Protein chains: 2
Amino acid sequence: MAIDSQTILITGAGGWLGSLLPGKLVELEPETSFKFVLADIVEPKIPSSLKGTKSECITIKADLSDDSNMQALFTTKYGKPDVIYSMHGIMSLGSEENWDLGMRVNVDSTRALLEKARHQKTKQDKPITFIFTSSVATYGGQLPDEVLPSTSCTPEGAYGTEKLICEYYVTEYTRKGFVNGISIKLPTIVPRPGPPSRATSAFVSGIVREPLAGQEAICPIGSGLEDAILQQTGVWVAKPSTTLANFVKAKQLLSNTDLSKNILPWSRSVQLPGFTVSVHDIIQALRNVKGDDAVALIKFEHDETCKRIVSSWPRAFDNSYALSLGFIVDQDGFEGAIKEYRANHM
Amino acid sequence: MAIDSQTILITGAGGWLGSLLPGKLVELEPETSFKFVLADIVEPKIPSSLKGTKSECITIKADLSDDSNMQALFTTKYGKPDVIYSMHGIMSLGSEENWDLGMRVNVDSTRALLEKARHQKTKQDKPITFIFTSSVATYGGQLPDEVLPSTSCTPEGAYGTEKLICEYYVTEYTRKGFVNGISIKLPTIVPRPGPPSRATSAFVSGIVREPLAGQEAICPIGSGLEDAILQQTGVWVAKPSTTLANFVKAKQLLSNTDLSKNILPWSRSVQLPGFTVSVHDIIQALRNVKGDDAVALIKFEHDETCKRIVSSWPRAFDNSYALSLGFIVDQDGFEGAIKEYRANHM
């Protein structure tokens, strides 16, 4: 028997993680009766993971820069949302190339969504829970070896700046009691399925995904397997299932008065846990899972620009604050991530 | 003979510092031929300090949330501005009390001003120089004894949040080459003339200004002159003339290619230099300048809330970065500030 009922609004629900989130919520909270309002600029599909569950689902094509589109998300047959996952956005390369669109979608639409949430409390007349997805791109400049919650955010690109500005809005709207909000900064989620993207981090997935499928992949860092640079270049990653579980944990954290007291009172931003993996270790994990033949499919075309950008990213974070709030971290390293990808996508 | 001609737009030109800035620019750059466009929500007066100078001046009543009002600032008979001093804003207490107005004026109007500047280069087809006044209110949370440029900004109020969001816009618009911008974070400027304001920091000016005029003043910190709390409570201050000179320095810094190379590439925010003064030292400075009779006019009515707020402010900053960029710091302590006030206002 359902012990609870929740209406969940997800913006950007057509995206990779957005489309997986409803299934993860149902999986981790089987007692809850979910009603999903799934919105995106193109009407999202009903996630196959909801089939056979007791959850209900509406999909809506919505341009969040249009106020009547926005209003429609709050006036469905499910009524007001209890929880909003704000996951829409223009990605990093797109935000640089179409700067005005990035500002409009990543900042203005998020603020409009916060503003709409502010004026529409939950059925219990409480502030709506607002979970905003942010990014390690909010970091930049001179970083310590291990980034702490107290480390200053000085983004060096449009995407990071836009995400960071929204983080400050989420903190301020929460301080005022307008929403019950949190910003979760995502690590690089790997391996990512689908065709290679144009993001700088895309090779981290590509050098695993393509060889697993028997195809060649380009590694833009290093001149060959023995290049020391492969050990020196590290990326901060987490696997999809762990990250999705942390999306659920964020909701649970905000509904738990005792736990949410541990959130630093002057900031509602939390870096989700992850782990550092070097390019060398990624390739080694691929070898362990799939053998030498797979590794032989990786070709090296060193790209100094790509190397410089990857090296500027934060390499490691102190997970302890996030763990103290109940978030979880991968226990089986990059091999675990590869095995999960193989199980889900092959 | 004028060796240079500049059109300077000042928003918030009717405010205390805004009304003093034109005179300071003329004083420190006597060779420059200035054309001032002075804008505020109430039409500003022509500063008396411009009388007898070769500078020209237009005053405009402008609501910056109105696009046609905004446009008018860029299409005066003086043509496009070379430099914008963005000094308009709703102050801290006002931003808390009328939150929506604060967001609209402090964030939205500043972004609209940046956007307008972006699309209107200078006569030399260069990005417009954009000097944004920010505040120590952008700090909060857990602060080190001495705040560094690398210290994270975690504001705990609407005003600080609004100013900080604009700082990130200024950095981003500058990175994109849309403007040539800087955010200068002001210390508490003392003593401030005029009637007592409702700002928490108002007593820092009041316990000097009122006794100098032979009137009683309330000190909300401590129970009497011997209370140790007077030595423990410190404020980060600068006197008006030094701060105004730093407004001029900011403009010079941005026009000097060699000097502006020293600005940290990932941030366009600079904390202006100041010095720490305890309430005890303020009272001692008053005694040195005006004697025991003046000090006897200070009455003590300890207010725990005021004490708590003042104690939460950053007490000291490392000035070295700002000094390395050419900004200046007071050399004559709080006594110098009192003497300047007496010379200018009595």
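Predicted model: local features only at pLDDT ≥ 70, side-chain atom pairs only at ≥ 80, totals over all residues.
Start with chains A and B displayed side by side. Superposing chain B on chain A takes a rotation of 180° with 0.0 Å of shift along its axis, and the RMSD is 0.0 Å. The two copies are therefore related as by a two-fold rotation axis. To find where that axis passes, select B:Ser152: of the residues of chain B, its C-alpha comes closest to the axis, at 2.0 Å.

**The interface**

Next, select the residues of each chain that touch the other. The selection holds 31 residues of chain B in contact with 31 residues of chain A. Because 100% of the interface residues of chain B are also interface residues in chain A, the copies meet through the same surface. About 2700 Å² is buried between the two chains, and carbon and sulfur atoms give 56% of that area. Now pick out B:Trp99, B:Tyr168 and B:Trp266, the residues of chain B that lose the most area to chain A; together they account for 27% of what that side buries.

**Polar and charged pairs across the interface**

Between chain B and chain A, 12 residue pairs are in polar contact, counting residues at pLDDT 80 or more. Colour the chain B side by element: α4 (99-118) and α5 (158-175) are the elements that give two or more residues to the side touching chain A. Of these, α5(B) gives the most, with nine residues. Colouring by class instead shows 13 nonpolar, eight polar and 10 charged residues on this side of chain B.

How many salt bridges does the rule find across the interface of chain B and chain A? There are eight. Over all chains the count by this rule comes to 36. Two of the pairs are worth a selection of their own.

- Select B:Arg175 and A:Glu96. They form a salt bridge, and their closest N and O atoms are 2.8 Å apart.
- Select A:Arg111 and B:Asp108. This salt bridge has its closest N and O atoms 2.7 Å apart. The pair crosses between chains, running from helix α4 of chain A, which holds A:Arg111, to helix α4 of chain B, which holds B:Asp108.

**An annotated span in chain A**

Move to chain A and select residues 8-223. UniProt, in an unreviewed entry, places the feature "domain: NAD-dependent epimerase/dehydratase" on this span. The span is 35% helix and 20% strand, and its end C-alpha atoms lie 48 Å apart.

**Backbone details**

Where in chain A does A:Pro191 lie? Select the loop between β7 (188-189) and α6 (202-212) of chain A, and A:Pro191 is there.

B:Pro191 lies in the loop between β7 (188-189) and α6 (202-212) of chain B. The peptide bond from B:Val190 to B:Pro191 is cis, with omega near -20°.

The last stop is A:Asp125. To reach it, select the loop between α4 (99-118) and β5 (128-135) of chain A. A:Asp125 is not a glycine, yet its phi is positive, at about 60°.

Conventions:
Residues numbered from 1 in each chain as written. Chains lettered and ligands numbered in written order. Heavy atoms only, no water. Contact = heavy atoms within 4.5 Å. Buried area = accessible area lost by both parts, 1.4 Å probe. Salt bridge = Lys/Arg side-chain N within 4 Å of Asp/Glu carboxyl O. Polar contact = N/O pair within 3.5 Å; in protein donor to acceptor, adjacent residues only side chain to side chain. Helix = DSSP H or I, 4+ residues; strand = E, 2+ residues; numbered from the N terminus. Nonpolar A, V, L, I, M, F, W, Y, C, P; charged D, E, K, R; others polar. Least-squares fit on C-alpha atoms with pLDDT ≥ 70 in both. UniProt positions renumbered as here; feature names shortened; annotations may be inferred.
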